[in-house]
Amino acid sequence: MVVYIDLIFLANLFIDAVLLMVTAWMRKIRPVWWRLMASAGIGAMYVVMMFVPELSFLFTFLIKLALSVIMLLVAFGFGSMQKYLRTMGAFYMINFVAAGGILGMHYFLQNTGELFNGIWYTASGGMSFELKIAFWFILCAFGGVMLFFRIVQSSKQRTERMSGFLGQVQVWIGQDHIECTGLLDTGNQLYDPLTRTPVMVMEAALWESYLPASWLRKCSEGNADQLVMELGDESFSWQDRVRLVPYRGINRNHSFMLALKPDRVEVVMNGAHFVHHRVLIGLDGGTLSAEGKYRAIIHPDVTAQEEGSADTNQKRDAHFSEHFTESG
């Protein structure tokens with residue numbers, strides 16, 4: 001049997017470097033490239049030592065554990081015990097994911113004959129497996145597993161970050177109310193230009209049972225200005241609450257959004273309860289979240305004060321309404 005030591009060294013150097021890079025990404029560490037490569041070199045040299053019979057004493061559990069400790073110290077330093085142990089835990093988790101993913105792909109691609117040819121039974125009744133995985137398969141499978149792991153982790157991190165900006169929204173108009181999950185958009189600067197009333201966007205489909213039948217279709221087509229002109233053609237009990245809000249889209253084109261003026265909006269987010277009486281509800285004809293995680297965009301002004309200041313806001317809004325008509 002011919003063993004290419006240089007090829008084995010380079011392959012393990014690549015694998016160890018990728019494992020350390022993914023560990024750094026997962027722990028949000030900015031590694032120094034030469035320290036990372038030096039650490040990967042230590043790991044690759046350890047694998048090469050397997051082919052030196054005199055060094056067989058190195059391949060014990062304690063030596064392997066010590067090697068991982070040294071590799072992480074070289075790559076990322078120490079910092080603190082808590083930080084170091086978390087980095088070590090992430091490093092081992094990524095290693096187990098990579099090894100398990102490679103084995104899983106190997107057995108997934110095997111047919112029944114190949115699988116059973118690699119299984120044999122001992123005289124004592126035990127069962128053993130003969131594992132033969134091609135060198136290039138290991139490299140390709142390793143790259144695929146690491147890419148898949150990073151995609152899954154990125155999606156998980158995005159979901160965790162988003163969860164802190166999600167809240168339960170209730171919009172009240174008279175005795176009717178709509179409930180949904182909303183996403184707080186701190187960059188939302190949509191206001192009614194006349195009254196500077198903040199505009200919170202909701203999916204028009206939530207209001208399907210309250211709006212005239214043709215409105216949802218025209219909202220999705222972006223013809224909100226035509227709906228206001230047709231108000232007299234269809235009976236609608238909330239005609240005095242309809243507003244038309246101009247806005248600028250992503251493509252920098254000006255358009256109009258149909259909006260309703262509710263009696264109040266309540267938002268519960270991160271244990272806090274916010275009540276706002278001066279807000280407009282813009283109706284979007286599409287879907288705000290492709291995954292369905294939220295169906296409203298919460299304006300930051302809606303969460304600017306808590307429930308305890310609601311009476312003060314009502315007095316301010318009453319004073320404000322003396323200077324501007326409802327059509328504003």
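The chain contains nine helices and 11 strands. Of its 328 residues, 38% are buried. Among contacts with a separation of 6 or more, 66% link residues 24 or more positions apart. The mean pLDDT of the chain is 76, with 73% of the residues reaching 70 or more. Over residues 306-328, however, the pLDDT is below 50, although this stretch has 24 contacts in the model beyond near neighbours in sequence. Where pLDDT is low, predicted coordinates should not be read in detail.

In soluble globular proteins, nonpolar side chains tend to be buried together. The surroundings of Leu 20 illustrate the arrangement: apart from neighbours within four places in sequence, Leu 20 is in contact with Leu 36, Ser 39, Ala 40, Met 71, Leu 72, Ala 75, Phe 76 and Phe 91.

Helix H2 covers residues 33-48, and at 1.5 Å a residue its 16 residues should span 22 Å; the end C-alpha atoms are 22 Å apart, so the two values agree. The buried residues of H2 are Leu 36, Ser 39, Ala 40, Gly 41, Gly 43, Ala 44, Tyr 46, Val 47 and Val 48. Their cover includes H1 and helix H3 (61-76). Two of these H2 residues, Ala 44 and Val 47, are touched by Asn 12, when residues up to four places away in sequence are not counted. Asn 12 lies in helix H1, which comprises residues 5-26. With a relative accessibility of 18%, Asn 12 counts as buried because this value is under 20%.

Attention now turns to the sheet. Nine strands form an open sheet of mixed pairing, in the order E6-E7-E10-E5-E11-E4-E3-E8-E9. Strands E6 (242-248) and E9 (272-276) stand at the edges; each has a single partner strand, so one side of each lacks a neighbour in the sheet. On average, neighbouring strands of the sheet are turned by 35° against each other, direction ignored. Strands of a sheet pair through backbone hydrogen bonds, either parallel or antiparallel. Strand E4 (residues 176-184) and strand E11 (residues 296-298) run parallel and are joined by three bridges. Gly 182 stands opposite Ala 296 in E11.

Strand E7 (residues 254-260) holds Ala 259. This residue is buried, with a relative accessible area of 0%. Leaving aside neighbours within four places in sequence, Ala 259 is in contact with Arg 241, Val 242, Arg 243, Val 245, Leu 280, Ile 281 and Gly 282. The C-alpha atoms of Ala 259 and Val 199 are separated by 8.1 Å, while the two residues are 60 residues apart along the chain.

Notes. Residues numbered from 1 in each chain as written. Predicted model: local features only at pLDDT ≥ 70, side-chain atom pairs only at ≥ 80, totals over all residues. Heavy atoms only, no water. Helix = DSSP H or I, 4+ residues; strand = E, 2+ residues; numbered from the N terminus. Buried < 20%, exposed > 50% of the residue type's maximum accessible area, 1.4 Å probe, protein only. Contact = heavy atoms within 4.5 Å. Pairing = 2+ DSSP bridges. Axes fitted to C-alpha atoms, helices over the stretch in contact; angles between N-to-C directions. pLDDT = per-residue confidence, 0-100. Expected span 1.5 Å × (residues − 1).
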